[in-house]
Amino acid sequence: MTQVKFTTAAEAVKVIKSGDHIHLSSVASAPQCLIKAMCDRGRAGELKDVHIHHLHTEGPAPYSEPEFEGVFQLDSFFVGGNVRKTTQAGYADYIPVFLSETQRLYRCGAVPCNVAMIQVSRPDKHGYVSLGTSVDATLAAVECADTVIAVVNKYVPRAFGDAMIPMSKIDLFVEDDQPLEEAHFTTPNEVEVAIGKHCAALIEDGATLQMGIGAIPNAVLAQLGGHKNLGIHTEMFADGVLPLVRAGVINGEAKNIDKGMMVSTFLMGSQEVYNFIDDNPGVLMKDVGYTNDPYIIAKNDKVTAINSALQVDLTGQVCADSLGRKFYSGVGGQVDFVYGASLSKGGKAIIAMPSITNKGVSKICDTLMPGAGVVTTRSHMHWFVTENGAVDLYGKSLQERARLLISVAHPSAQEELDRAAFERYGSHHHYIKGYMSK
């Protein structure tokens, strides 16, 4: 291991000046000891108007709390669960951006970066460290920042691809061996299992997969044991892929680019996933400008992208980032992959969600809630899946789309949706048979 001259977190964060823009590495890799030291300086009245940027992070995000108003301003690229309340209350803010372009914000100078605070693996004999579980926009921040502070942590896996950076890119080193934040997912319920089965039926042998996070992706993956030669080119993966890799179902053999490799830009899961990518030449952790570029995604055949939504209207507009006016998450990589999969030879873009909320409200609706954001437009929409089935909206007229969407809506909502569709389309000319037949 190459020798490193370490400093303390408290000493390292002294480089932060009032008015600076700070990038934090994301998801499991948020550098908690630096965050704490920076907040200590904030409490001591040493800083003001410091702007903080990151994708979503796991673990505490104290800088977004009301006590730091005027001291720290979080402008995140994605609203994670740990900053949702403070963002909705106006103490933090959100920059709407495609995940693919988060790196570009730094590289083109739209968002300045004075200090990048990151976590890395221990250096190897060649003087390289790895960004481990999160490359995303962090590599761009490292390239663009005036000062780079790295926490060297033995728990950060030594991942390959764009994750590998020479130590010469780093200005200050802090040592802190803290296990990475883990994410554990619940077992899929009946509805999620049904959605998983409908999605799995659309996945062909030799497909390259992208899926987000949570119960539905896990339910889909659980159904793929009988498939052959699947590949992974995604923005993130979690524990659900591991059994399929061990079984030889996921081997990347059918991919046209990065053949035999699993490609991702960040990871989130249990320690098992972090161990899996450690020193694993079969996993490439890449810059988000690569993983999420629709034209790169489309180079593989049969790209099957499965993403979720909060609400879908009868024309096929997908709201995925807000509940009405309240920001809930972000644009993320949904459009990147929906478009990339659509351009792929034999590709399928799938939006999958339960037909109703836990409170029994239909998620398929005549019109989106006031203020809701359209993430995936009606013209991007292809496959749509609920627990009640899968429908393909591509090339379908508005009336036909309404009919198909209503067919997979929750039975309790169908009559009302029928009526809404009839009012929208039926009174003007002939109406597709079947709407008002109930």
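## Close-up views of a predicted model

**View 1. A salt bridge joins the side chains of Asp279 and Arg158, with 2.4 Å from N to O.** In this predicted model, Asp279 belongs to the loop between helix H9 (271–277) and E17, while Arg158 belongs to the loop between E8 and E9, so the pair ties together parts that are 121 residues apart in sequence. Asp279 is partly exposed, its relative accessible area being 42%, and Arg158 is likewise partly exposed, with a value of 23%.

**View 2. The side chains of Arg246 and Glu272 form a salt bridge, at 2.7 Å from N to O.** Arg246 is in helix H8 (residues 242–246) and Glu272 in helix H9, so that distant parts of the chain, 26 residues apart, are linked by the pair. Because its relative accessibility is 56%, Arg246 counts as exposed, whereas Glu272, with a relative accessible area of 41%, is partly exposed.

**View 3. Asp177 and Arg122 meet through their side chains in a salt bridge of 3.5 Å, N to O.** Here the loop between strand E11 (172–175) and H6 supplies Asp177, and the loop between E6 and strand E7 (128–130) supplies Arg122, so the contact ties together parts that are 55 residues apart in sequence. Asp177 has a relative accessible area of 30% and is partly exposed; Arg122, at 35%, is also partly exposed. Across the whole structure, a search finds 19 salt bridges, and a network of salt bridges links Lys36, Asp40, Arg43 and Glu67.

**View 4. An open sheet of 9 strands shows mixed pairing, in the order E9-E17-E15-E13-E12-E18-E23-E25-E26.** Its edge strands are E9 (160–161) and E26 (389–392), each of which pairs on one side only. Strand E9 runs parallel to strand E17 (residues 283–285), to which it is joined by 2 bridges, and within E17 the residue Leu284 is the bridge partner of Phe160. Helix H6 (residues 190–202) packs on this sheet, where it touches strand E18 (303–307), strand E23 (348–352), strand E25 (383–386) and E26, and its direction makes about 150° with that of E25.

**View 5. A parallel open sheet is formed by 8 strands in the order E1-E11-E8-E6-E2-E3-E4-E5.** The edges are strand E1 (6–7) and strand E5 (93–94), and each of them pairs on one side only. Strand E6 (residues 115–120) and strand E8 (residues 147–152) run parallel and are joined by 6 bridges, with Val152 in E8 as the bridge partner of Val120.

**View 6. Strand E2 (residues 21–24) has buried side chains that point in opposite ways.** In a regular strand, side chains alternate between the two faces of the sheet. In E2, His21 and His23 point one way and Ile22 and Leu24 the other, and all of these residues are buried. Strand E2 pairs with strand E3 (residues 50–53) in the parallel sense over 3 bridges, and His53 in E3 is the bridge partner of His23.

**View 7. Tyr295, Tyr339 and Leu343 make a nonpolar surface patch of about 300 Å².** Of these residues, Leu343 is found in helix H12 (residues 334–343), and because its relative accessibility is 37%, Leu343 counts as partly exposed.

Technical notes. Residues numbered from 1 in each chain as written. Predicted model: local features only at pLDDT ≥ 70, side-chain atom pairs only at ≥ 80, totals over all residues. Heavy atoms only, no water. Patch = residues over 30% accessible without salt bridge, like charges linked within 9 Å, V, L, I, M, F, W, Y side chains within 5 Å. Areas by Shrake-Rupley, 256 points an atom, 1.4 Å probe, with all protein chains shown as cover. Salt bridge = Lys/Arg side-chain N within 4 Å of Asp/Glu carboxyl O. Helix = DSSP H or I, 4+ residues; strand = E, 2+ residues; numbered from the N terminus. Buried < 20%, exposed > 50% of the residue type's maximum accessible area, 1.4 Å probe, protein only. Pairing = 2+ DSSP bridges. Contact = heavy atoms within 4.5 Å. Axes fitted to C-alpha atoms, helices over the stretch in contact; angles between N-to-C directions.
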